[in-house]
Every structure is written in C-alpha cells, then in structure tokens.
Amino acid sequence: MNRRHFLASVAGASTLPLTGCLGQNDLDWKRLPDDEEAALNFFANGERTATVSATERYFAPENGRFGLWLNIWHREGTHLDSFRYEILAPSTPNGPRVVVSLDRPEASPWPEMTFGRGAQPERTIIDVPEVGPVGRGSLGVELRLQVDRMPETLPVRIRTQFSLSAENRLLKTYTGEAVLDIELPRDPNQS
C-alpha cells in the first residue's frame, strides 16, 4: 500500500469515559504516529487499555473499491466482551452511493453478529453483543466499500462502541466509545 494514500484523521473525534466499577475515569486519547491508520488510544488510570483503529488495505480505482480494516486491540489481562461499529459512508449529504460489505472475519470460530443497514441508507452496522473466546486478543474485521462515483476524497465516519472486562478482577468492566473520521482519496499520490 502506498503510505501516502490513506488520509487518516481523528478530527472531530469524540469519546466517552472509560468506566470501571470503582468509579469513572476521564478518558485521554491520542492519535498513533502512523501514516497508514487512524487510531485512538483509550487510557484508564494512565495506562493504555485499548486502541481502536482503521487502516486502508487496498484501493482499486478501476472499479471504485476500497478495503478497510477495523481493529480493536486491548491490553493483556482484559477480554473484549462486545463491540459495535456504525459506518457512515459517505459522511456528507449528497455524496456518492457507497455499498459496504463484510469481507471476512479475522478469527475462527467467529461469534454471532448482526450486519446490516441502519435507519439511514448510508449507515452500515456491525454488532457483536457477545464476543466469546476470540475476545482474548485483538479483533478485526475487513470491509469492502464499493463507490459508484469517486469524489476527490471519500469521507467515512466510524463510530465504535466496545466493552472490556478485566480477567483477574471480579466485576471490573470498561466501556469505550469513539468516532473516527477518515478520508479515502481518489488519487493514491495525494498526501
């Protein structure tokens, strides 16, 4: 992949507190210093607890197709219990028509999920209410975005909600929510 192709931003990112049974911790986030992905780090008590990221896998300009990898990493000693993505593509009114499809789950056996449209036709939802055994490690999904007419940049908004539990602490749970705004450029040399 051309490192300059993916214009990742966290502009307008919003977050909710990462909470635990001992009260509420303010959530700090920062973007990772990597040109290939847009990512938010979640912190609890000053320790990085989770990272939500989006990475462009490929762009096929001849057919207007993008591959997008969505991933949730969490620290050792925690378990990913549930997650939900809402993908809004395009994230602007009167944009091109974009069809989002799930390419392939990363892990096996994959937990039951809901994949479908939201109330708005440009919104796609992936919901996994019970992750199960595969929640011990990082978990990612690969999407295909098919664009009917490619603008200079395709704005995509990804809202992520997730919950974690601490494996060695009774009733210690965390929840996080973030919005990642990314732009997928038509020109692979655009920086």
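Predicted model: local features only at pLDDT ≥ 70, side-chain atom pairs only at ≥ 80, totals over all residues.
## Cation–ring placements

The charged end of Arg48 sits over the ring of Trp73, at 4.1 Å from the ring centre.

Strand 5 pairs with strand 4 (residues 37–44) through 8 bridges, and the two run antiparallel. Within this pairing, Asn41 has Thr51 of strand 5 as its bridge partner, while Phe42 stands opposite Ala50. The hairpin of strand 4 and strand 5 has 2 residues between the strands, and Asn45 takes a positive phi near 55 degrees there.

Strand 5 is also joined to strand 6 (residues 65–74), by 10 bridges and again in antiparallel fashion. Ala60 has Arg65 of strand 6 as its bridge partner. The hairpin formed by strand 5 and strand 6 has 4 residues between the strands, and Gly64 in the turn has a positive phi of about 60 degrees.

## The two faces of strand 4

Strand 4 is mostly covered, with 8 of its 8 residues buried. In a regular strand the side chains alternate between the two faces of the sheet. In strand 4, Glu37, Ala39, Asn41 and Phe43 point one way, whereas Ala38, Leu40, Phe42 and Ala44 point the other way; all of them are buried.

## Nonpolar core

In soluble globular proteins, nonpolar side chains tend to be buried together. The largest nonpolar core here has 39 residues, and the members that touch the most other members are Phe83 and Leu145.

Leaving aside neighbours within four places in sequence, Leu145 is in contact with Gly64, Arg65, Phe66 and Leu68, with Ala89, with Val98, Val99 and Val100, and with Leu154, Val156 and Leu184. Among these contacts of Leu145 are Gly64 and Arg65; Gly64 lies in the turn between strand 5 and strand 6, and Arg65 is the bridge partner of Ala60.

## Aromatic pairs

The structure holds 3 aromatic pairs. One of them is formed by Phe59 and Phe66, which are stacked with 4.3 Å centre to centre and 20 degrees between the planes. Phe59 has a relative accessible area of 17%, which is under the 20% limit, and therefore is buried. Phe66 is buried as well, with a relative accessible area of 0%.

Phe83 and Tyr85 form an aromatic pair that is edge-to-face, with 5.5 Å centre to centre and 65 degrees between the planes. Phe83 counts as buried at 3% relative accessibility, and Tyr85 counts as buried at 1%.

Glu177 has its place in strand 13 (residues 173–185). Because its relative accessibility is 15%, under the 20% limit, Glu177 counts as buried. The side chain of Glu177 is joined to that of Arg159 by a polar contact of 2.5 Å and to that of Gln161 by a polar contact of 3.3 Å.

Arg84 is found in strand 7 (residues 78–88). At 22% relative accessibility, Arg84 counts as partly exposed, because this value lies between the limits of 20% and 50%. The side chain of Arg84 makes a polar contact of 3.2 Å with the side chain of Glu86. Not counting residues up to four places away in sequence, Arg84 touches Ile125, Ile126 and Asp127, together with Arg159, Thr160 and Gln161. Arg159 and Gln161, which Arg84 touches, also make the side-chain polar contacts with Glu177. The C-alpha atoms of Arg84 and Pro129 are separated by 7.7 Å, although these residues are 45 residues apart along the chain.

Conventions:
Residues numbered from 1 in each chain as written. Heavy atoms only, no water. Core = buried A, V, L, I, M, F, W, Y, C linked by side-chain atoms within 4.5 Å. Buried < 20%, exposed > 50% of the residue type's maximum accessible area, 1.4 Å probe, protein only. Contact = heavy atoms within 4.5 Å. Pairing = 2+ DSSP bridges. Polar contact = N/O pair within 3.5 Å; in protein donor to acceptor, adjacent residues only side chain to side chain. Phe/Tyr/Trp six-rings, centres within 6.5 Å; stacked < 30°, edge-to-face > 60°. Lys NZ or Arg CZ within 6 Å of the ring centre and 35° of its normal.
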